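Good morning, and thank you for coming. Please look at the sequence and the structure as I speak.

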Amino acid sequence: MIDLRPSHFHRAMALAMPALSLLCSQALAQDTAISTLPAVTVRADQESLPGATPVDPASLQPQRAATSDSARLLQDIPGVSLNGAGGVSSLPSMHGLADDRLRIQIDGMDLIASCPNHMNPALSYIDPTQLGSLKVYAGISPVSAGGDSIGGSILAETRPPVFAQPGQRTLREGEVGAFYRSNNRARGLNLSATLATEQLNVSYSGATSQADNYSAGGDFKTYDFTGRPGHTLARDEVGSTAYETRNHTLGLAFKQDNHFFEAKLGVQDMPYQLYPNQRMDLLDNDQKSINLSYTGQLDWGTLEARVYHETVDHFMDFGADKRYWYGTASGGPMMVNGAPCSTISASCAAGMPMFTEGKTTGFSVKGELPLSEQDRLRVGADLQRYRINDWWTPSGGGMYPGTFWNIRDGERDRTGLWSEWESRPSAQWMTLVGARVERVAMNAGSAVGYNPAGMGFQARDANAFNARDHRSTDTNVDGTALARYTASEQVDIEFGFAHKERSPNVYERFPWSTWQMAALMNNFVGEGNGYVGNLDLKPEKANTLSATFDWHAADKAWGFQATPYYTRVSDYIDAVQWDATTNQAAATPVKNKFSVLRYTNQTARLFGVDLAGHAPLANNALGDWGVKGLLNVTHGKNLDTGNGLYNVMPLNGKLALTHKIGGWDNSLELVAVKAKTTVSSVRNEIRTPGYGLVNLRGSYAWKTVRLDFGIENLFDRLYFLPTGGAYVGQGTTMSNPMLPNYPQWGTAVPGMGRTLYAGVNVKF
């Protein structure tokens, strides 16, 4: 386990805690009135357009202390599940579609994961304490919120700037907070400050968090070695789950009459984030972004424009829980632990350094024109220019003597035009019809291996790749038709159809080596297999039908929603097992083992239903009592092979008893997940047993202070994450299993055991 004791965090805590204590004491002494801190809100785009998911913002507030992973704030939204990754980088999945199949924006920026394992997804660049709003479309997205995706959309934004009221003196305000979680000793600080006049706002927000490995609810493995001499892990310790991350945002905003300008500078410094379901670990991620936007209310309507630029420098190698030294001089492959070598050579390898450099530049403009009292027209354009280099420097052994270029001079450029028409022909009806056209152009430079004469057909594969034209141009067309019918004060019905198209990402198209070791480094789904790209991939094309039936009280005191949906995807990007020797699809499938696969287009079908509801139970001297719950079921099938689709969440539900009185807001949660028995056979996906968890949450809010606390997995249950991938968090991870020292296929990543958490936030 990494020793984090002498870290910057503890020095920061030592400096911050006296000030935090003083602020708490002053706040408690001066004001005991009941209030809450500014809430993270989840809301629909524009004016609650059809297709948006209504979510109670208050349900998100307690989770800030319980997680440092912003994606986890989505876990109570019907139809949304999380695919496991690093401690702050879960990948949201909507109705079985995840990662690049969703459109995820941060402050209007379309950000791209620059990593062969997608260790730096968009939501990893914003801390939960920095969020101001989340706009979520868990099913059909309007074309204004979609594009280059076939699933839903997540639009995350930092807190909006505030200004002094007319005649008010300069506004000075801020917030400071801290949290601690017991299981993995997770701890963190957050700070925000604002200085504002009537026209100018200067703001800063920052957050830091770090954690050790977490422990499961019991022993889930029979070994304790890590591949490193003198370093072992307990059999209930989930290796490679530690992390440390720091995020900063500096904002400058100006408003004059009907014009608003904003500039935001974002910086992330992530020293490490270890991965239990990947063979590599993130050991440095530096991201910088600048984001300029304008919003104006003009005579003809509203105009919004944005330009942004992001750079990412990403580094991977083996973290502390994975073997570092390889080669015959380190003891060879049959040694449990790799002994340090004296000289890097063909017989001695020191890790496997991997570098990725990504640059994204984007521009968007949209206008809204009121055509009449009932009709609005929105039009817009999006431009995105993405450049990526992915190279692996020589480290010895088979990774020697040259540099391996996984993707050289990679390009992926998008140009999109869209228009949508919103109409309210009567008090009962609202319709939204839109279309989008996008052009996606991709290219990459020549492939180069470590050693053309080396292992794994490097020369053959590089020559075959270099002989091909790497350029491709896709023209993708999206269309949506949505409607909302208000039958009465208690019944709303939304329904719609969408056709969406998505081009492959750079890691689905360009990785060229069938060599097992190189292929294993290209995997962004976490099931332990290796992947080879395919230059011939076509864009995915999805047709979706969905409807939402909403019964509720006139005052929304109780409500029940049911959302059935059906999606059929042609040219769905799945995979086939690949034989490197013949460079063709494997004649005999490998079963119950890790394997090498190649991306290919097939046909898929997904359907299911989301149920959600809430109701009051009692209002008495002990407070207000209520109940809320949700139930999700998704079925995914590859129609070409008859297999299940990978990482589809099984039947799952949550039921919570809620209680409020005065400043108290408490809940008792029961989480239940059915056994996962429908799996992707071609990927040898691991089946997982069903489980039930109990969580306790509580909070108390004063006017300027909020305290959150709770216990997750109250009974310390050992369970396995159905969409958490395969456990390869310790030991020799560079190759496929080979007793006794390689991670064995068949162990899913377990969830966290019992953990107590507490967090405090203070406004000043």
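This is a predicted model: local features need pLDDT of at least 70, side-chain atom pairs count only at pLDDT 80 or more; totals for chains, interfaces and linings use all residues.

The protein chain has five helices and 34 strands. Along its principal axes, its C-alpha trace spans about 75 × 55 × 45 Å. For 764 residues, a compact globule would have a radius of gyration near 27 Å, and the chain has 26 Å, so the two agree. Of those 764 residues, 57% count as buried. If we take the contacts between residues at least 6 apart in sequence, 72% of them join residues at least 24 apart.

Let us now consider helix H3, which covers residues 458-466. Which of the residues of H3 are buried? They are Gln458, Asp461, Ala462 and Phe465. Viewed down the helix axis, these buried residues fall within an arc of 95°, and therefore they line one face of H3. The buried residues of H3 pack against strand E20, residues 404-423.

Finally, I turn to Asn601, which is found in strand E28, residues 596-620. What does the side chain of Asn601 reach at 2.7 Å? It is the backbone oxygen of Asp571. A polar atom of the Asn601 side chain also lies 2.8 Å from the backbone nitrogen of Lys538. Beyond its neighbours within four places in sequence, Asn601 is in contact with several residues, including Leu537, Tyr572, Ile573 and Asp640.

Technical notes: Residues are numbered from 1 along each chain as its sequence is written. Side-chain values use heavy atoms; hydrogens and water are left out. Buried means under 20% relative accessible area, exposed over 50%, partly exposed in between (1.4 Å probe, protein chains only). Helices (H or I, at least four residues) and strands (E, at least two) are DSSP runs, numbered from the N terminus. The arc is that of the directions from the helix axis to the C-beta atoms. Contact means heavy atoms within 4.5 Å. A polar contact is a pair of N or O atoms within 3.5 Å; within protein, one must be able to donate a hydrogen and the other to accept it, and residues adjacent in sequence count only if both atoms are side-chain atoms. The radius of gyration is taken over C-alpha atoms; the globule rule is 2.2 Å times the number of residues to the power 0.38.
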